[in-house]
Amino acid sequence: MSRFTLRTAAVSVALLWGSVSLPSWAADTPAAPAYTTKDLNEQLVLATLWMQASGEFKALSYQAFNLAKLRLDMYLAGHPGGKKVAVIVDADETVLDNSAYEAWLVGKDFGYSSKTWDKWMEAAEAKAMPGAVAFLNYVKKRGGEVFYVTNRKEVGKAGTIKNMKALGFPFVDDAHLMLRTDSSNKEPRRQQIAADYDVALLMGDNLNDFSAAFDTKTLAESDAAVESNKARFGAEFIVLPNPTYGDWEGKVYNNNWGASPAEKDQMRKAHLHPWQPAE
Ligand SMILES: [Mg+2]
C-alpha cells in the first residue's frame, strides 16, 4: 500500500471517529527537507570565489594599500615631529586573507565556530592580502610603527605570530600585536596607541576597525554613521573589501546569531531590495 493510500485511509478513519488527529504512523507524510547549515553555506560560494578567483579582488586590495602609501606620505610631509607615527590595521581580511577557511565551510553542515577557527589559526596558513606586506614594511622604512588591533584571541597568538612572521610582516611582537582581551570593542586599544603615537591612518574590513562612531546596533544606524563620516574614507580610514562575513551580517539578523539556518536565509532575503518591474 502506498503512503498516500495509507494516509487517505487514516483520514477516513479519523473522520469516521470524529477526530482530526491522525495516527502517528499515518501522519508521517514526507515533510519538506529542513534547510540546513550546509544549505546556508552554499551562499558563501560566490563571495568566496570572488576573493579567491577574481582579479578585481586583488586589484581592490592593491588599490587600498597604494592609497594608504599616498596618505602616509602626505601625513608624514605635514607631521611636525614629536610623537612617533603609527598606522593601525586590523588583521583578518585586512592584512590576512582567510578565504580558504570560508571555502572549507562550503559543503560542510556546520558554520564558523571558535573550535574550527582556533585550528585554522594554529595551522598558520592564512595568506597576506595583496599589497599588505609591502605597505607595512614601507611604514617601518619611513620610521613609523604598525599596530595590529585584532579580535583574534590569545589562544591563536602562537599561530598568528608564526603565520605573520612567515609572510614577512613587520612589528609582529607583543607590543604591536594587540589581541582581543575581555572586549571585542577596539576603541580602548586605539586610545592606548593614540596616547603615545600620532595615528596617521587606520585600515580595516569592518566599520568598527575605525572609530567608536561606528559602534552601532542596526543597519540603519550603521548606514547613518557612514554617511556622517563619509569624508574620512580614503583619507584617515581605508577599507578593504570583505563580502564573506562581518558585523553587518549580525545586523541583518537583528544580532540574533543563534537564528536557525532557515531563519538566516529568510532574513538575508528579506533585506534584499528587488526590482519591481512595471506590469
Ligand atoms: Mg577583519
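**Entry 1. Burial and overall content**

I looked up burial in the protein chain and found that buried residues make up 39% of its 279 residues; buried means under 20% relative accessible area, exposed over 50% and partly exposed in between, with a 1.4 Å probe and protein chains only. I note that this is a predicted model, in which local features need pLDDT of at least 70 and side-chain atom pairs count only at pLDDT 80 or more, while totals for chains, interfaces and linings use all residues. Residues are numbered from 1 along each chain as its sequence is written, and side-chain values use heavy atoms, with hydrogens and water left out.

I then listed the secondary structure, which comes to 12 helices and seven strands. Helices (H or I, at least four residues) and strands (E, at least two) are DSSP runs numbered from the N terminus. Of the contacts with a separation of 6 or more, 74% involve residues 24 or more positions apart; contact means heavy atoms within 4.5 Å.

**Entry 2. The magnesium ion**

I looked up the protein donors of the magnesium ion and found D90 (OD), D92 (O) and D205 (OD), lying 2.1 to 2.2 Å from it. Donors are N, O and S atoms within 2.8 Å of the metal (3.2 Å for Na, K and Ca); water is not among the atoms, so sites may look incomplete. Along the chain, the donors follow the spacing D-x1-D-x112-D. D90 lies in the loop between β1 (84-89) and β2 (96-97) and D205 in the loop between β6 (197-204) and α10 (219-228), so the pair ties together parts that are 115 residues apart in sequence. I also checked accessibility: D90 counts as buried at 6%, and D205 counts as buried at 13%.

**Entry 3. Helix α4 and its partners**

I compared the axes of α4 (residues 55-77) and α7 (residues 132-141), which pack at about 10° and are 9 Å apart. Axes are lines fitted to C-alpha atoms, for helices over the stretch in contact, and angles run from 0 to 180 degrees between N-to-C directions. That angle makes α4 roughly parallel to α7; under 35 degrees counts as roughly parallel, over 145 as roughly antiparallel, 65 to 115 as roughly perpendicular and the rest as oblique. From α4, F65, A68, K69, L72 and D73 meet A132, F135, Y138 and V139 of α7. This contact divides into seven nonpolar, no polar and two charged residues; Ala, Val, Leu, Ile, Met, Phe, Trp, Tyr, Cys and Pro count as nonpolar, Asp, Glu, Lys and Arg as charged, and the others, Gly among them, as polar.

I next took α3 (residues 45-53), which packs with α4 at about 65°, their axes 5 Å apart. The two helices are therefore roughly perpendicular to each other. W50, M51 and A53 of α3 make the contact with G55, E56, F57 and L60 of α4. By class, I recorded five nonpolar, one polar and one charged residues there.

**Entry 4. Helix α8**

I looked up α8 (residues 157-167), in which G159, T160, I161, N163 and M164 are buried. These buried residues pack against β2, α6 (114-123), β4 (145-149) and β5 (177-178). After α8 comes G168, with a positive phi near 95°.

**Entry 5. A212**

I located A212 in the loop between β6 and α10. A212 is partly exposed, at a relative accessible area of 43%. Leaving aside residues up to four places away in sequence, A212 touches E187 and R190.
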